[in-house]
Amino acid sequence: MNQVRKQKFLIVGSILAGSIVTVGLLLVAFDKGLNAFITPTEIAEGKVNGSHNFRIGGMVKKGSLVRKGTGTQIEFIATDFNEDIPVVYTGVLPDLFREGQGVTADGHMDASGVFQADTVLAKHDENYMSKEVKAAMDAAEKKKTGKLATEGAHP
Amino acid sequence: MWQWLYKLGSPRHFYEMTTGFVPWLTGVSLFLLIVGVVWGLGFAPPDYQMGDSYRILYIHVPTSMGGMGAFVLLAMMAAMHMIWNIKMADIVAKVCAPVGAGYTALGLITGSLWGKPTWGTYWIWEARLTSYLILLFLFLGVMALRAAYDSERSGSKAASVLAIVGVVNVPIIYYSVYWWNTLHQVPSELGRDGSANPPEIFIPALFTGFAVIGLFFLAVILRSRNEILYRERRAQWVQDLLEKELADV
Amino acid sequence: MSRSAIGLGGSLGATLQRELQLAFSSPGRIVNPLMFFVIAVSLFPLGGRMSPDQLGTIAPGVIWVTALLAVMLSMESLFRSDFDDGSLEQLLLSPQPLYFHLQVKVLAHWLVTGLPLVVISPLLGLLLQLPAAGYAPLLLGLLLGTPALSMIAAIGTALTVGLARSGLLLAVLVLPLSIPVLVFGAGLVDTALNGLPLSGVVAVLGALLVLAGTLAPLAIGAALRISVH
């Protein structure tokens with residue numbers, strides 16, 4: 001092997017090795033999870049400690065929303081259908097905040113295991129429908145599942 | 001096919017071949033835009049949750065995708081310019097950067113206008129929004145770098161290097177909503193049974209989508225034609241063209 | 001074949017030695033970024049009246065952003081003198097592979113400018129009331145992140161070395177490309193303060209370092225060829 005070719009070989013080899021290591025490390029990272037939100041399950045497993053601020057994400061549990069005082073004191077339960085975390089918030093909720101819809105909140109856990117939220121944001125899913133279509137779909141869903149349908153079991 | 005592409009690589013042929021194409025593209029794009037906007041804003045039914053605010057997405061989705069597409073085009077043209085030294089590739093790379101930056105800015109503005117009523121905030125520092133903001137910065141960086149060089153040649157090559165390096169951001173933007181738990185929703189799946197988008201909401205999006213793409217290429221072609229005339233201003237064919245135009249007046 | 005292997009290794013060693021000698025002969029190259037880092041970080045508590053808790057919350061971000069700026073400002077010395085005295089042109093013309101020489105050059109530059117920043121960072125954590133759990137991830141993150149930042153910033157430096165006044169332009173080019181390192185670097189400290197597992201974030205920082213270390217030299221080389229022309 002002449003010198004120029006050997007050098008080319010070394011450079012290409014180094015780039016290839018670098019790419020493979022990069023991809024490998026990224027796969028490890030995604031396997032370990034890189035979530036921007038902390039889920040109720042992670043909180044329940046005791047993965048979060050201290051009173052540091054962080055962001056949780058989950059669904060608003062159906063039937064859990066309670067308004068107190070003048071209606072700006074809000075309590076609801078954030079769930080990932082595995083664990084539930086009670087959330088307390090004072091302020092105005094976004095228009096799309098609904099039970100059974102996605103939600104994210106910034107804040108911290110207090111000593112009694114309640115999440116004290118400073119901000120609450122509603123997450124929207126990728127489905128867009130007119131009211132009529134939604135009503136028709138819900139009716140069809142009810143017909144299909146019949147009496148087995150239970151409140152809050154809609155993933 | 002190859003010969004046609006080869007011809008498109010020469011500024012003069014590009015100019016001559018696009019002359020007849022411009023009015024046609026203008027008409028079609030404007031037609032699609034008007035139909036899409038009137039249909040989307042006036043006749044499509046309100047969403048069962050968002051009400052009317054979802055209509056912003058008729059502009060937000062295509063302009064945002066246009067910004068990303070523009071950067072991919074920029075990087076492809078930059079690579080062609082670096083590897084094969086094709087003049088026309090550099091012209092397109094130069095003119096598509098400001099158009100792409102404009103689309104990216106529109107995507108950010110419309111997105112934040114939609115975010116306020118939907119999420120409850122104009123802006124949040126999460127992966128999709130942050131990586132998309134970086135896209136705007138990269139466009140501006142490429143433009144600033146080109147402008148900083150006195151010599152057109154060195155400036156174009158330097159901007160090309162930055163464009164090729166910066167294109168790694170595009171897949172990051174696209175996949176950010178899958179890799180991270182972002183607040184931003186994932187794209188709607190199309191053509192699936194029980195599709196996320198019923199036709200009465202989806203079809204206007206097709207119109208505005210193609211209109212926005214058409215207007216992008218229109219802007220790039222018009223700007224390219226200006227740049228061609230400027231760069232080739234001393235060439236005989238431009239002089240002849242000028243004389244003909246003056247004679248017509 | 002073995003002769004040429006020695007040739008490559010030897011010339012890379014010589015480059016490393018030369019860069020380090022040059023740096024130590026003008027201590028300002030080492031001390032100035034460090035002083036900038038310390039002074040800029042200590043401005044933040046002075047700029048706003050904050051409780052120790054609030055200060056501790058912003059500490060990871062402040063330290064990381066300032067480290068990024070310090071790395072960027074120190075980059076001026078990477079190619080400038082070589083460009084002025086013509087030795088950069090020699091490097092480009094030499095038969096030795098540019099790729100490895102650029103890796104070594106940036107590594108040497110990091111050893112004298114980036115590594116001191118990492119070493120002093122715990123002191124700055126102390127000034128900003130960083131909670132105890134944050135020090136180890138701060139050090140680890142900067143150790144992985146600052147060499148990646150040096151590599152990325154070197155691309156911008158190579159693109160602008162031929163220009164007379166390049167400071168602000170360099171920032172415009174380099175800062176957007178640095179954001180991923182910044183996000184995960186500062187994120188590592190935050191993750192630790194929340195008591196969450198660190199391995200995923202560490203893996204991303206490692207991936208960014210390997211990616212920058214192997215691909216950036218190609219872009220730096222291409223950029224230098226344009227600038228020297």
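Author: Start with the term itself: two strands pair if DSSP finds at least two bridges between them. The strands, like the helices, are DSSP runs numbered from the N terminus; a helix (H or I) needs at least four residues and a strand (E) at least two. This is a predicted model, in which local features need pLDDT of at least 70, side-chain atom pairs count only at pLDDT 80 or more, and totals for chains, interfaces and linings use all residues. Residues are numbered from 1 along each chain as its sequence is written, while chains are lettered from A and ligands numbered from 1 in the order in which they are written.

Now to the strands. Chain A has six of them, together with three helices. Along the sequence the order is α-α-β-β-β-β-β-β-α. Strand E1 (residues 54-60) of chain A pairs with strand E5 (residues 102-109) of chain A. The sense is antiparallel, and there are six bridges. In this pair, A:Gly57 faces A:Thr104 of E5(A). E5(A) also pairs with E6(A), again in the antiparallel sense, over eight bridges. Here A:His108 has A:Gln116 of E6(A) as its bridge partner. E5(A) and E6(A) form a hairpin with five residues between the strands. A:Gly113 in that hairpin has a positive phi near 80°.

Another loop in chain A deserves a stop. A:Phe81 lies between strand E3 (73-79) and strand E4 (84-90) of chain A. Its phi is positive, about 65°, although A:Phe81 is not a glycine. Most residues other than glycine have a negative phi. A:Phe81 is partly exposed, because 14 other C-beta atoms lie within 10 Å. Over chain A, with its 155 residues, 29% are buried.

Step back to the domains. Their bounds come from an automatic or database domain assignment. Chain A has domain 1 (1-34) and domain 2 (40-123). Their centres, taken over C-alpha atoms, are 43 Å apart.

Strand E6 returns where chain A meets chain B. Two residues are in contact if their C-beta atoms, placed from the backbone, lie within 7 Å. Chain A brings 25 residues to this contact and chain B brings 29 residues. On the chain A side, strand E6 (115-123) and helix H3 (131-145) are the elements that give two or more residues. E6(A) gives the most, with four residues. The chain A side holds 12 nonpolar, six polar and seven charged residues. Nonpolar here covers Ala, Val, Leu, Ile, Met, Phe, Trp, Tyr, Cys and Pro; charged means Asp, Glu, Lys and Arg; the others, Gly among them, are polar.

What about the cores? A nonpolar core is a set of buried Ala, Val, Leu, Ile, Met, Phe, Trp, Tyr and Cys residues joined through C-beta atoms within 7 Å. The largest one has 146 residues. Among those with the most contacts inside it are B:Leu74, B:Leu162 and C:Leu208. Helix H9 (residues 199-228) of chain C gives the largest share of this core, 18 residues. Domain 1 and domain 2 of chain A each supply at least three residues. C:Leu208 touches C:Ala148, C:Pro180, C:Val181 and C:Phe184, leaving out residues up to four places away in sequence. A second, separate core has 12 residues, including A:Tyr128, A:Met129, B:Ile56 and B:Leu57.

Finish in chain C. Helix H4 (residues 76-85) of chain C buries C:Ser77, C:Leu78 and C:Phe79. Their cover includes H6 and H7 of chain C. C:Thr157 sits in H7 of chain C. C:Thr157 counts as buried because it has 29 C-beta neighbours inside 10 Å. Leaving out residues up to four places away in sequence, C:Thr157 touches C:Met75, C:Leu78, C:Phe79 and C:Leu170. After H4(C) comes C:Gly86, with a positive phi near 90°.

Notes. Buried ≥ 20, exposed ≤ 12 C-beta atoms within 10 Å, placed from the backbone.
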